[in-house]
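Here is a short report on one protein chain. Look at the sequence and the 3D model first, then read on.

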Amino acid sequence: MAQRITRLARKTSLLLLCDMQEKFRPTIKYFPQIIETSSKLLQACKVLDVPYIVTEQYPKGLGRTVKELDIGDEKPFEKTLFSMCTPDVDSYMKQKNKDFDTAIICGIEAHACVLQTAIDLLSKNKRVYIVADAVSSRSLTDRMYAFDHMRQAGAFITTFESIVLQLTQDAGHPKFKQIQPLIKTSAADTGLLALKNIPTPSS
């Protein structure tokens, strides 16, 4: 799917925080690092006035959003659909940002809820950015092929720091000094280089 070339813009973007819940903690690869990076991205979006939406997959069984994510007064949308794009969330996206055309997605699991959210949004002609160092699965193989699937479908696979720098665009931005501490330290290792060593069918 060909993507139109345009800059990532604060005024048309939404951050989607997908199902980062307590019961996933023991099973998701690089869970602490994924949460750390997602938390920094959330902080940056708050500073830059980029709206955000939070979902929880079957919270009765999988628990609530982890406390490390400061979601403030934003009430998570409960769902059983794997995609975040429930009718309620679709309606809320328009309410949060009437100019919405770009989704920045982080969360879990890459091959399930994140992938299906990305596909749904791409099918609605939205631009989709997957924050690779803030997205994971229980299996690194599932994670790797999910990134491949989403890239082939038309999503941009990128990193936390790249997203933040694209949203600010200029070191002279009036809020850049508030953002700078979030990107000063190296990003947490979330095993992305390890994915390069997973054999593919053609190897």
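## A cis peptide bond in a loop

Glu109 sits in the loop between strand 4 (102-108) and helix 4 (110-123). Helices (H or I, at least four residues) and strands (E, at least two) are DSSP runs, numbered from the N terminus. What kind of peptide bond joins Ile108 and Glu109? The bond is cis, with omega at about -10°.

This is a predicted model: local features need pLDDT of at least 70, side-chain atom pairs count only at pLDDT 80 or more, and totals for chains, interfaces and linings use all residues. Residues are numbered from 1 along each chain as its sequence is written, and side-chain values use heavy atoms, with hydrogens and water left out.

## Two positive phi values

Asp19 is not a glycine, yet its phi is positive, near 55°. Asp19 lies in the loop between strand 1 (13-18) and helix 1 (31-47). Is Asp19 buried or exposed? Asp19 is buried, at a relative accessible area of 1%. Buried means under 20% relative accessible area, exposed means over 50%, and partly exposed is in between (1.4 Å probe, protein chains only).

Gln169 also has a positive phi, near 70°, and is a residue other than glycine. Look for Gln169 in the loop between helix 6 (160-168) and helix 7 (176-184). With 45% relative accessibility, Gln169 counts as partly exposed.

Which strands pair with strand 1? Strand 4 pairs with strand 1 in the parallel sense, over 6 bridges. Two strands pair if DSSP finds at least two bridges between them.

## A look at Leu16

Leu16 belongs to strand 1. Leu16 counts as buried, at 0% relative accessibility. Which residues does Leu16 touch, leaving aside neighbours within four places in sequence? Its contacts (heavy atoms within 4.5 Å) include Ile53, Met84, Met93, Ala103, Ile105, Thr117 and Leu121.

Ile53 is 37 residues away from Leu16 in sequence. In space, their C-alpha atoms are 5.1 Å apart.

## The whole chain

The chain has 8 helices and 6 strands. From the N terminus on, the order is β-α-β-α-β-α-β-α-β-α-β-α-α-α. The radius of gyration is 16 Å, close to the 17 Å that the globule rule gives for 203 residues, so the chain is as compact as a globular protein of that length. That radius is taken over C-alpha atoms, and the globule rule is 2.2 Å times the number of residues to the power 0.38. Along its principal axes, the C-alpha trace spans about 45 × 35 × 35 Å.

Buried residues make up 53% of the 203 residues. Take the contacts with a separation of 6 or more: 80% of them are between residues 24 or more positions apart.
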